[in-house]
Amino acid sequence: MTSSTQEVPAVGGVPRHVAIIMDGNGRWAKRRFLPRVAGHHKGVEAVRNTVRACAERGVSALTLFAFSSENWRRPQEEVSLLMQLFVSALQQEVDRLHHSGIRFRVIGDLTRFDRQLVDLIDSAQKLTAANTGLTLTVAANYGGRWDILQAVDKLRRQEGASNAPWTEAQLLPHLSLGELPEPDLFIRTGGEQRISNFLLWQLAYTELYFTETLWPDFDAQALDLAIASYRKRERRFGRTSEQVSGVAETPGRTASA
Ligand code: IPE
Ligand code: IPE
Ligand code: MG
């Protein structure tokens, strides 16, 4: 369990944890005069390719935003097609993920999903729990504010009416991705430059990358562009550039952690 705000990851390396808002499926379909759902179908292929590409590049965690707590506001027909697609993707992909050593997780409020979907999620998580390859997390009916609230609620139940102020370290294990390092690289496809209630707590010091590429067109090459951009960034976490790059401190001053 590490917090990027406390532990500075190695500079210039491959990101350990990549988090992606997979946006632009609808526009991809519209440009081809296809129904929106065709974009979501093509998006599943992009997920498959991106999971493989991340594993090949040594990324250890990939978190994908598949359905937000706000996406229920879409037309009923699109919502139910997305749920069906989630079911069929799980039915078709889980064995393959397992054979590739991937640990599969779902985060979000699952109480609104129907029994079949919840059962598929449960069995996929159980099947892959001991795998040691890439941790693939899908955020479904997820919202960053929901995540913080549910973590605070669990901590409150655990700690009872103590007067001592809570610490970040106490909250961390209750947050959805509590056991993973915080995302190093955030990618949003589709051109919008917003967080849309994705990982609000966990993105505190994540490097942000926005691309016009629509999600169904996202592939290994597009991932490499994002990683190349990430590797050029200087992550300072509040420190100065000189401190981070290891340039000698002004004589007479001692560097603090
Ligand atoms: C992202 O693509 C997929 C989901 C939100 C489920 P969109 O469906 O938002 O595509 P655009 O933004 O309308 O192009
Ligand atoms: C964000 O995409 C959620 C997912 C990709 C699942 P949206 O397309 O729903 O985001 P907004 O509402 O336009 O910001
Ligand atoms: Mg969108």
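How far is an oxygen atom of ligand 2 from an N or O atom in the side chain of R74? The distance is 3.2 Å. The notes below take the two ligands of this predicted model in turn.

1. Surroundings of ligand 1. The shell around ligand 1 consists of M22, D23, G24, N25, G26, R27, R36, H40, A66, N71, R74 and L82. By class, three of these residues are nonpolar, five are polar and four are charged.

2. The side chain of R27 places an N or O atom 2.7 Å from an oxygen atom of ligand 1. For the side chain of R74, the corresponding distance to an oxygen atom of ligand 1 is 2.8 Å. N25 takes part through its backbone: one of its backbone N or O atoms is 3.1 Å from an oxygen atom of the ligand. Ligand 1 on its own exposes 380 Å², and the protein buries 86% of that area.

3. Placement of ligand 1. The largest pocket is the space that ligand 1 takes up. Two elements give two or more residues to the shell around ligand 1, namely α1 (25–31) and α2 (36–56). The greatest contribution is that of α1, with three residues.

4. Surroundings of ligand 2. Around ligand 2 are I21, M22, D23, F65, A66, F67, S68, N71, R74, R188, R194 and S196. This shell holds five nonpolar, three polar and four charged residues. Strand β2 (residues 61–68) supplies its largest share, four residues.

5. Polar contacts of ligand 2. In the side chain of D23, an N or O atom lies 3.1 Å from an oxygen atom of ligand 2. R188 has a polar side-chain atom 3.2 Å from an oxygen atom of the ligand, and the R74 side chain has an N or O atom at 3.2 Å from a ligand 2 oxygen. Taken by itself, ligand 2 has 390 Å² of accessible area, of which the protein covers 79%.

6. The two sites together. Ligand 2 sits in the largest pocket, and the space taken by ligand 1 is also described as the largest pocket. R74 belongs to the shell of ligand 1 and to that of ligand 2. Its side chain has an N or O atom 2.8 Å from an oxygen atom of ligand 1 and one 3.2 Å from an oxygen atom of ligand 2.

Definitions and conventions
Residues numbered from 1 in each chain as written. Chains lettered and ligands numbered in written order. Predicted model: local features only at pLDDT ≥ 70, side-chain atom pairs only at ≥ 80, totals over all residues. Heavy atoms only, no water. Near = heavy atom within 4 Å. Polar contact = N/O pair within 3.5 Å; in protein donor to acceptor, adjacent residues only side chain to side chain. Areas by Shrake-Rupley, 256 points an atom, 1.4 Å probe, with all protein chains shown as cover. 1 Å grid on protein atoms, 1.4 Å probe; cavity = no way out; pocket = protein on both sides within 12 Å on 5 of 7 lines; lining within 4 Å. Sits in = over half its atoms within 2 Å of the grid points. Nonpolar A, V, L, I, M, F, W, Y, C, P; charged D, E, K, R; others polar.
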